[in-house]
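Here is a brief report on the structure below.

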Amino acid sequence: MGPGGAALDVARVRGLFPGLSDGMVHVDGPGGALVPESVLRAVSQAMRVPIANRGGVFPSSARAEQLVAGARSAVADLVGGTPRGVVLGASTTSLTYAMARTLAKTWRPGDEVVVSRLDHDANIRPWIQLAQELGLLVKWAEVDIESGELPEWQYDELLTDRTRLVAVTMASNAIGTRPDVRAIADRAHAVGALVYVDGAHAAPHGLIDLTATGADLLALSAYKWCGPHVGAVVADPDLLETLAPDKLAPAPDRVPDRFETGTPPFELYAGVAAAVDHLAALHPDATGTRRERLQTSMAAVVRYEGALFDRLDRALRSMRHVQVLGSPQYRTPTVSFTVSRMTPRAVARELSRRTICAWDGDHYARELFDALGVNEQGGAVRLGILHYNTVEEVDHVVDSVAALA
Ligand SMILES: Cc1ncc(COP(=O)(O)O)c(C=O)c1O
């Protein structure tokens with residue numbers, strides 16, 4: 001078996017995460033992953049030496065420049081983009097608000113945007129609020145309630161020659177569904193619309209290829225893949241060249257800098273690069289460029305997480321007191337469920353008592369959970385697998401949920 005087929009050494013991987021020593025089972029990854037020592041070290045090292053702002057002629061300013069370049073090139077490697085197409089910012093949410101405003105500068109009343117009921121609110125509300133302000137028409141792609149899928153055929157009816165943008169997630173942070181983004185993007189492009197893809201939840205669970213997805217703009221959050229709290233939007237630099245974001249007069253006009261407002265968190269950018277390096281090194285035999293090492297390592301992550309998730313998902317679905325939301329065919333290792341006669345908050349509390357970190361609520365997938373009818377009871381409990389989880393942890397989670405019967 002070549003390196004691409006070998007397994008992840010989870011004992012080695014777990015040794016990289018100081019946060020795992022708290023004795024808890026961290027299946028709360030969809031709300032933010034733990035951070036490896038290499039990322040902590042990169043952030044603190046960056047602050048141990050002087051960093052100035054960018055644009056000076058002295059060494060500490062050059063260091064700031066290097067940290068920006070390092071983060072851009074790492075994010076580009078992570079998604080198969082180019083560094084000049086990487087816009088860094090605070091978060092997926094704040095970048096999406098800013099990008100929405102920028103993109104809409106040429107839109108007219110009566111133009112249309114298509115959002116999806118599957119998405120995190122970060123890729124819904126910015127478009128809806130903009131539509132209200134500008135008199136745009138919002139159309140909704142709906143989720144199949146039973147399966148949790150987002151059927152792509154419905155876009156044939158939703159798209160018109162007035163559609164300016166389709167906003168869709170690459171994976172649901174609540175129930176894991178991975179829509180066929182490429183099929184949706186092809187339809188959107190056929191009517192001349194842009195495609196804004198939320199890759200925040202998909203990124204840690206399989207290597208993204210920006211071109212293959214068909215996304216024109218792809219949003220990411222590094223804290224979902226073991227990095228610091230930094231967001232990014234990745235696009236073709238030629239597209240970014242056509243856009244005119246609001247910016248300060250003295251700030252650079254070049255792409256992608258003109259999309260980045262104010263002085264950025266340089267030290268966190270060091271952590272972004274370290275997080276991508278961490279992912280690339282997950283498979284110790286991975287060789288070649290960072291992108292190639294990411295390919296090998298993320299393939300091992302997919303296999304590893306998939307096996308753990310199957311075990312978890314099957315066990316949950318076999319419990320009579322548990323109702324799992326949806327059953328999408330392709331998904332990230334993420335599951336939401338309710339428990340008979342218990343609120344999700346009470347379930348999460350009980351799991352916490354049993355050393356399990358689990359989120360409850362709507363997970364900001366409010367539209368989806370409204371459609372599924374679970375918000376009135378407090379949403380659902382969500383569990384997510386990441387590459388540092390183990391089969392023993394999954395079994396402990398399964399036993400703990402079973403004990404709620
Ligand atoms: C799919 C998805 N989109 C957007 C977000 C929001 O990201 P941020 O907190 O960086 O704005 C999240 C966060 O959990 C997410 O999972």
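**Ligand site**

A polar side-chain atom of Y223 sits 2.7 Å from an oxygen atom of the ligand. Such a polar contact is a pair of N or O atoms within 3.5 Å; within protein, one must be able to donate a hydrogen and the other to accept it, and residues adjacent in sequence count only if both atoms are side-chain atoms. Taken alone, the ligand exposes 400 Å², and the protein buries 89% of that. Accessible areas come from the Shrake-Rupley method with a 1.4 Å probe; for residues, only the protein chains shown count as cover.

The model is predicted: local features need pLDDT of at least 70 and side-chain atom pairs count only at pLDDT 80 or more, while totals for chains, interfaces and linings use all residues. Residues are numbered from 1 along each chain as its sequence is written, and side-chain values use heavy atoms, with hydrogens and water left out.

Around the ligand there are 13 residues, of which T93, D198, S221, Y223 and K224 come nearest. A residue is near a molecule if one of its heavy atoms lies within 4 Å of it.

| Residue | Protein atom | Distance to a ligand oxygen atom |
|---|---|---|
| T92 | backbone N or O | 3.0 Å |
| T93 | polar side-chain atom | 2.5 Å |
| Y223 | polar side-chain atom | 2.7 Å |

**The four-stranded sheet**

Four strands form an open sheet in the order β9-β10-β13-β12, with antiparallel pairing. Strands (E, at least two residues) and helices (H or I, at least four residues) are DSSP runs, numbered from the N terminus. Two strands pair if DSSP finds at least two bridges between them. The edges are β9 (322–324) and β12 (359–361), each pairing on one side only. Neighbouring strands are turned by 35 degrees against each other on average, direction ignored. Axes are lines fitted to C-alpha atoms, for helices over the stretch in contact, and angles run from 0 to 180 degrees between N-to-C directions.

Strand β10 (residues 334–339) pairs with β9 over three bridges. Here V324 stands opposite F337, and V322 stands opposite V339. With β13, β10 pairs over four bridges. There F337 stands opposite V381.

How many of the six residues of β10 are buried? Six of its six are. Buried means under 20% relative accessible area, exposed over 50% and partly exposed in between (1.4 Å probe, protein chains only). In a regular strand the side chains alternate between the two faces of the sheet. T334, S336 and T338 are buried on one side of β10, and V335, F337 and V339 on the other.

Contact means heavy atoms within 4.5 Å. Helix α12 (residues 344–353) lies across β10, β12 and β13, at about 40 degrees to β13.

**H321**

H321 lies in the loop between α11 and β9. Why does H321 count as buried? Because its relative accessibility is 13%. Its side chain reaches the backbone oxygen of V401 at 2.8 Å. Not counting residues up to four places away in sequence, H321 touches T338, V339, S340, V401, A402, L404 and A405.
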